[in-house]
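Dear colleague,

Please find below the structure that I am handing over to you. My notes on it follow directly after.

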Amino acid sequence: MHFHHQGYVSTDPRIKPAAGTGLDRPEELPDEMDVLIVGTGPGGMSTAATLAAYPEVHTRIIDRRPHRLEIGQADGIQARSVETFQAFGFAERIISEAYWLTEMNFWKPNPENPREIYRSARTPDDPEGVSEFPHLIVNQARVLDYFAEAAYNAPTRLTPDFGYEFVSLEIDRSQEYPVAATLRCTAGEREGDERVVRTKYLVGADGARSKVRDGIGRKAIGDVANHAWGVLDILADTDFPDIRTKCAIQSHDGGSILLIPREGGHLFRLYVDLGEVSQDDNRAVRNTPHDEIVARANKIMHPYTVEVKETAWWSVYEVGHRVTDKFDDVAEGEEDTVTPRVFITGDACHTHSAKAGQGMNVSMQDGFNVGWKLGQVLSGRSAESLLHTYSGERQEIAQNLIDFDKEWSSLMAAKPEDLPEPSYLEDFYMKTAEFPAGFMTEYKPSELTLGTEHQELATGFPVGKRFKSARVARVSDTNPLHLGHLAEADGRWRIYVFADAPAPTEDSQVNDLARWLAEDPASPVAKYTRAGTDDDSLFDLKVIYQQSHHDLQTTDVPEVFRPRVGPFRLENRNKIFGTLADDDIFEARGISRDGAIVVVRPDQYVSAVLPLSAHDELAGFFDGVLVEG
């Protein structure tokens, strides 16, 4: 953790000094703001926590509830989300309280007695080792708490405004604050009163029945529900041996169960198959009694029994798969002339089953994506055209999610005898593990993502995919650590420079690049770093040498990799790295010994892989994304 550069700190260094809009933040919801977020679910809170790092941006987030969420419906936290939590500063704490999912067991009808189930297979949860972070199960409410804490500890001191329900919106693009949102008070002395607030941008994170989505005329397109599931979070006595292991359970004629152990050592969740839903059901299946769901669970799990002692939460839902036609308010074909003012995230954009554990995870990535882009635009670092990339990037990801979930949920509902092979379900789970872990997202070429012409220089950092961390040795303090874990959700771009020659070799491409970055007016560091700010205020520039840290001295490294920060202009020597003898990052990530530049955007996705000599290409990329200010 980097601190003391602003002066000596004796309090919690995770709490950043208040700055900008955080210095005089109105306690009550004001009449005008830069961004209004509707909904404090995963999409809304990740957007808010991302924007909280931009001191210049006044963000407010509202929710119709009078207080924080207490019981969350979502619980699965994929490894990609834990990587994101690391950037927001709470991965270690949530890991320590969560259930770790390391294996999944499969139960099927016993061939010798089909009326009883038996364990047919055990499978690792991450067979390919796609992440160093675990797959977690934890209450959604705790995830939101951590995001709320991160937002409050950020410079803007952002806190939710509870007790406001979104009613409707109107857009007048001729105004400084184009979006007029009508809100209704849902708690307190003013309950029932309506008021209008104005905002430059509005983000709808208000769920599957989104009024924001309706307000901009967007439609959810896809399949209607045709299969129902009961879900129970329970404390129970049971003789089922795998009650603390994730299980897919398929019975002979009683349906299926997905069993998810929960945090704390005792709580567990059951997704219980309630069967096909007829076209004329009119949601009657949602009235299925609690005790009937428990009885079905016991039938499926025979010869084992579950005796419920307490139900923390339960519900009935129907599986439907829908994607909204566009994730912003700009009509198709008008992108060149109209700037988006309203965005939607999470369930307002995509609805699906809960059994792939994707809803909360994809929603958080929606929020991270739109949040940093709004922050860049509102702080004057990027042109408004950047905002068009949100819908284009995230809609494709949502469609991929729906396609995957359709297959997975249909397999979960299928009878074992209807599958092509006895091991088909577990084989599918194993071969598709990277997708539900959150690592198949790959953004296509755009102004934010260059092509793959130079991908061979760093094959382990695919352009368009998330930056997969690897271990290095920090020269300043000799600490071995993960390079990617040092990236914070602070709105900065990461430029990783992998050197072609040892320091202090003067005649090298890495030194030529360093001189260009520091001195040439065309360099993005020289061109876009604002006067009076820290040298690394916009670009977090790190250099990784091929030699051991024992063979390096920080003072031999070009000064551009030792930025001056804080009011005292102290030199930060923590951005210089060497390789580990037993874990060489150049080998681990397929990095050319001729060196490479890897550009990573603020939400951790790789924008470009370039040769060390590609000064003009690097400048051209950032000229297409940033503006001088």
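Strand E24 (residues 539–548) is largely enclosed by the rest of the structure, because eight of its ten residues are buried (under 20% relative accessible area, 1.4 Å probe, protein chains only). Strands here are DSSP runs of at least two residues (E), and helices of at least four (H or I), numbered from the N terminus.

This is a predicted model, in which local features need pLDDT of at least 70 and side-chain atom pairs pLDDT 80 or more, while totals for chains, interfaces and linings use all residues. Residues are numbered from 1 along each chain as its sequence is written, and side-chain values use heavy atoms, without hydrogens and water.

E24 pairs in the parallel sense with strand E23 (residues 493–498) over six bridges; pairing requires at least two DSSP bridges between two strands. Trp-493 is bridged to Phe-539, and Ile-495 to Leu-541. Strand E27 (residues 576–579) also runs parallel to E24, joined by three bridges, with Val-543 opposite Ile-576.

These strands belong to an open, mixed sheet of seven, ordered E22-E21-E27-E24-E23-E28-E29. Its edge strands are E22 (480–482) and E29 (606–610). The twist from one strand to the next averages 30° (angles run from 0 to 180 degrees between N-to-C directions, with axes fitted to C-alpha atoms, for helices over the stretch in contact). Helix H13 (residues 615–623) packs on the sheet and touches E23, E24, E28 (596–600) and E29, contact meaning heavy atoms within 4.5 Å.

Elsewhere, helices H1 (residues 42–51) and H7 (residues 359–378) pack at about 30°, their axes 7 Å apart.

With kind regards

How values were computed. Buried means under 20% relative accessible area, exposed over 50%, partly exposed in between (1.4 Å probe, protein chains only).
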